[in-house]
Amino acid sequence: MTFQERYLLKVEGLTVSFDGFKAVDDLSFYIEPNECRVIIGPNGAGKTTVLDLICGRTRATDGSVTFRDNELLKMREDQIVHAGVGRKFQTPSVYEDLTVFENLEISYPSGYSVFGALAFRRNENVQQRINEIAETIFLEDMLSEKAAFLSHGQKQWLEIGMLLIQDPELLMLDEPVAGMSVAERKKTAELLKRIIQDRSVIVIEHDMGFVEDIATRVNVLHQGKMLSEGSMAHVKADPKVIEVYLGH
Amino acid sequence: MTFSKTPLFSRSEIIGFAVLAVLIFLILPTFLGTFRLNLFGKYLTYAFVAVGLALCWGAGGILSLGQGVFFGLGGYCMAMFLKLEASTPENTSIQSTPGIPDFMDWNQLTELPAWWIPFHSLTFSLIAVVLVPVTFAFFIGVAMFRRRVGGVYFAIITQAFAAILTILIIGQQGYTGGVNGITDLRTLNGWNIRTGEAKEILYYVNGVLLFAVLFVAHFVRKSKLGRILIAMRDQEDRVRFSGYDVASFKIFIFCLGAAFAGIGGAMFTLQVGFMSPTLVGIVPSIEMVIFCAVGGRLSILGAVYGALLVNWAKTSFSESFPELWLFGLGGLFIAVVMLFPNGLAGIWTEQIMPRLSKLWTARARRAPQTHNASTEKRGAV
Amino acid sequence: MFSDYSMSELGAIFAMQGFAGLILFSVFVLMALGLAIIFGQMGVINMAHGEFMILGAYVTYFVSQFFSAYMPALFGSYFFVAMILAFFASGALGLLVEWSIIRHLYKRPLDTLLATWGLSLILQQTYRSVFGAREVGVTIPSWMMGSMPVTDLIEIPVNGIFVMVLAVGISMAVYIMMFRSNWGKQVRAINQNRVMAGAVGINTEWTDRLTFGIGCGVAGVAGSAFTMIGSTGPTSGQLYIVDTFLVVVFGGAGSILGTIASAFSISQAQSIMEFFLSGSMAKVLTLLIVVGILMIRPQGLFSLKLRK
């Protein structure tokens, strides 16, 4: 297996500075197909910024991000999505004025251009796929409700569903269980375990039990730099990590 | 799930369109004389703009304070054709240069500027009525939306364009007719547009065009593009990261609004018989927004009623209490924003419809709940 | 076009036009400062800003009438009294407007724009009904009349200098308020994180109201200064509103120095072009250049790249 084929995503020397402040500083890591990578780190470590850089929301100052053969840093956000990278935001962002069905329909991967959207029709396939996804995210009975009426946890699920329907090869989730009740958290963990099976996933999460449960490898970020990388056990034993988390 | 084929028109939408058609094609012509009918025809030309705004602003969240620019460009394209037709060498034989529009002669121009020449052709002019505003909107849209300028910044910059065009038209009076505009328009391909009969025909033409525009707008709203617009207004980033090129959707809807406004402007010129910078600038542009807001910013049919109602009120007030009108209009701006953010359409769906349906169910004595009971209140964005 | 003039004449023309530009600059700065506070810090579009300014101008007019009728001996100093009264009159109206309208609309900036436009129509009609449609002008105190010769060819009017001095003084006062006072710190804190600011004990509601009031008060002072160089009518305020918004946006909303720099460049560009082109074409060109630059650099001239 060549280096090219071994990794789905290659992040090399990624740097971004905001007026001199380096939020992400010369960061490199590699993601294999079908792996679940968890990024942890204290607040302000640059975790969300890393995801923002990969999906094109923030423009990098330096470095490269290669997804298969695509240099993502040169692409527009929607082109990155088409290449197969999906992104969930930290606060649930769903379209509150539209129904759950319509929310999922907008994410249905067809009719992306202006005229494509005008010509788009709800056919059997669309219908079926949306029902399928709705079942996966426990919202099959809520399809005709406006998204505004969903609970916080249900909105999180809906957003995950909106990503699933596009079937991305790389899924990036920013704190998917934050702000959920214990019951919702458990259900979400199940959901995530199911959906991470056939794809690569990058997750930002604080809940260590949850991380231990799902992670293949863990990256620890601190002040925009990579502090440690490896299995959960390795990271936990790393004196540098202990210093940052428990130290002064 | 019962999401199989959603029809293009729901039953209540068919009723809505039918009621408006009856009003425009039967009730108004029956009860109004030629003069008043022509006046309402003028109000309806503003409805074209308001419908465009219902798409751009109501659905897409893009507030343009420069729709007067597109209305004006459409109107001027039409007026230039009519003016050239009226300025035959015979009609203008007393001028020092016969055959050019009178205001050019007054400004010591001795020949027709090159960019006026194509407007001798009716076909060219009719195409220009739509294409000039759309091209202009396209350039503004590309420049602004590609750079992600939106919200209040977009509003201010479009307002600046309204100011720029007005100053330009007034300043270059030799080419544009200046502050008086292009006046004294007489015939369209030899057909006298100033007779009562012509005015009635133009009223109907205007009505038919308005319905064509309403159908296009309705189709857009009902398509996936319509839902994407609303999604963009609420969560622009989510739409972008669902794989859509947000800017191209904004550019499209802005251009469509400009096309509607251009058609409205041309119909204004035909029915009223002149075009002037007073219809282009900051003040008329922002008033066009209020037509849409009064109707209910999301509702395309509401936009028509809004345009009719506000203009009718303006005419009646300015006739009897001119000094009260500005208080009324100012109060309307504040009231529609603070008290009725969903305008007439909101009052209809939130107040009247539930009561009607309650009345209906009470009479029918049926136990099961009706479906439209959950018309929820939507705060404006 | 330059061949008709000698070098020294050209120099004088540029100096005079430059000075005319400086007066325009002062007007822009005075108007824009209030907006920079309200729009830049609070994100509120106040389309009635011009009317708040005109209120200050009317106050100045009435104070001058009062002084000439009852205290002619002190007439030379009426302007300073008028300026303070103008600040409080416009400021008080600002507080009232914030309380009755603006505070309900903080989350809907586009709606604020429409509501304040409505307010501007009501204020214009009120001025017309109360003060009459005619434009009024104040009598300038004698010490402000005449002009100062700089060279044989260049003369500059005293009232122009006075307005400029005023613009500089008020800019400095606003700058100190924004960046040195406790109030300024609170305003900036709210601008950056409203919830957090509230959580650390800042009374956000009152700070908002005060900020809006002070912004309007500064507009009132601007109106007061405006009477020294022009007359006042019910719709005078509307003439400048678009220019002023462009000044603020061009400078980069939120930056006081940016506002001043952009007012300077816009006014200089306009007045120098005015000499070579007709007034309206100079204005069109200036606006087009500003809009063009804003399209290339939408965040304005002076703004930081921030981490969202």
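The model is predicted, with local features needing pLDDT of at least 70, side-chain atom pairs counting only at pLDDT 80 or more, and totals for chains, interfaces and linings using all residues. Residues are numbered from 1 along each chain as its sequence is written, while chains are lettered from A and ligands numbered from 1 in the order in which they are written.

**Exercise 1.** Check the radius of gyration of chain B against the globule rule.

Solution. The radius is taken over C-alpha atoms, and the rule is 2.2 Å times the number of residues to the power 0.38. For 381 residues a compact globule would have a value near 21 Å; chain B has 22 Å, which agrees.

**Exercise 2.** Check the span of helix H12 of chain B, then state how many of its residues are buried.

Solution. Helices are DSSP runs of H or I with at least four residues, numbered from the N terminus. The expected span is 1.5 Å times one less than the number of residues. The 14 residues of H12(B), 282–295, should therefore span 20 Å; the end C-alpha atoms are 21 Å apart, which agrees. Buried means that 20 or more other C-beta atoms, placed from the backbone, lie within 10 Å of the residue's own. In H12(B), 13 of 14 residues are buried. Gly296(B) follows, with a positive phi near 110°.

**Exercise 3.** Describe the side of chain B that touches chain C.

Solution. Two residues are in contact if their C-beta atoms, placed from the backbone, lie within 7 Å. The contact takes 35 residues from chain B and 34 from chain C. On the chain B side, H5, H6, H12 and H14 each supply at least two residues. H6(B) gives the most, with 14 residues.

Terms used: Buried ≥ 20, exposed ≤ 12 C-beta atoms within 10 Å, placed from the backbone.
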